[in-house]
Amino acid sequence: MSQKVTRRQFMNYSLMGVGSFMAAGMILPMGRFAIDPLFQESSAGDMITTSVKIDAITEEPVSVDFTFEQTDGWYVSEVTDFAWVYREGNEIIALSPVCKHLGCTVSWATDAANPDRFFCPCHNGLYEKNGQNVPGTPPRGPLDMFEVGESDGYLTIGAIHENELV
């Protein structure tokens, strides 16, 4: 004695099944999106080792390239950036190359009229060697600094922060 399924019951079961699959298809990605950051490793504050030896750094600012992994959502890419690095006594200083006026890239000693300053070609902005903006030029603040360190005799560069020299 089997119980017969009516058309109405069959439609009800079918719609409930399809609805359940559709709901699961929407809820599972949202749950994964909410929970995934809990399982990711944190890399905040990591120092990046460069190819420059500490002993090779002089009092003249030089461009030092470094590469790091950048994560945008789930896309991971390798980014190459640089810093202006020089020695001031026993201290090593790494300045950001990004102008505080409009975000252009500054360069060292490229302006013939100002040979010992950082120069921003976008609007003729000038910075002193320590990153201090020259009064009367467009930049509104000093260049930012990177944390610096040493690992096996090589320069390491860390997080960027406000300039502490000025």
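Is Cys 120 buried or exposed? In this predicted model, Cys 120 is buried, with a relative accessible area of 3%.

## Annotated region

The unreviewed UniProt entry lists residues 80-157 as "domain: Rieske". In the model, this span is 0% helix and 42% strand, and its end C-alpha atoms lie 13 Å apart.

## The β5-β6-β7 sheet

Three strands form an open, antiparallel sheet in the order β5-β6-β7. Its edge strands, β5 (107-108) and β7 (125-127), each pair on one side only. Strand β6 (residues 118-120) is joined to β5 by two bridges, and these strands run antiparallel. Within this pairing, Ser 107 stands opposite Phe 119 of β6.

## The disulfide

The structure holds one disulfide, which joins Cys 104 to Cys 122 with an S to S distance of 1.9 Å. The pair links distant parts of the chain, 18 residues apart: Cys 104 lies in the loop between β4 (91-95) and β5, and Cys 122 in the loop between β6 and β7. Because the torsion about the S-S bond is about -110 degrees, the disulfide is left-handed.

The two partners fall into separate accessibility classes. Cys 104 counts as buried at 17% relative accessibility, whereas Cys 122, with a relative accessible area of 38%, is partly exposed.

## Cys 99 and Cys 120

The closest cysteine sulfur to that of Cys 99 belongs to Cys 120, at 3.7 Å, which is too far for a bond; a disulfide requires sulfur atoms within 2.5 Å. Cys 99 is buried, with a relative accessible area of 4%, and Cys 120 is likewise buried, at 3%.

Key. Residues numbered from 1 in each chain as written. Predicted model: local features only at pLDDT ≥ 70, side-chain atom pairs only at ≥ 80, totals over all residues. Heavy atoms only, no water. Pairing = 2+ DSSP bridges. Helix = DSSP H or I, 4+ residues; strand = E, 2+ residues; numbered from the N terminus. UniProt positions renumbered as here; feature names shortened; annotations may be inferred. Buried < 20%, exposed > 50% of the residue type's maximum accessible area, 1.4 Å probe, protein only.
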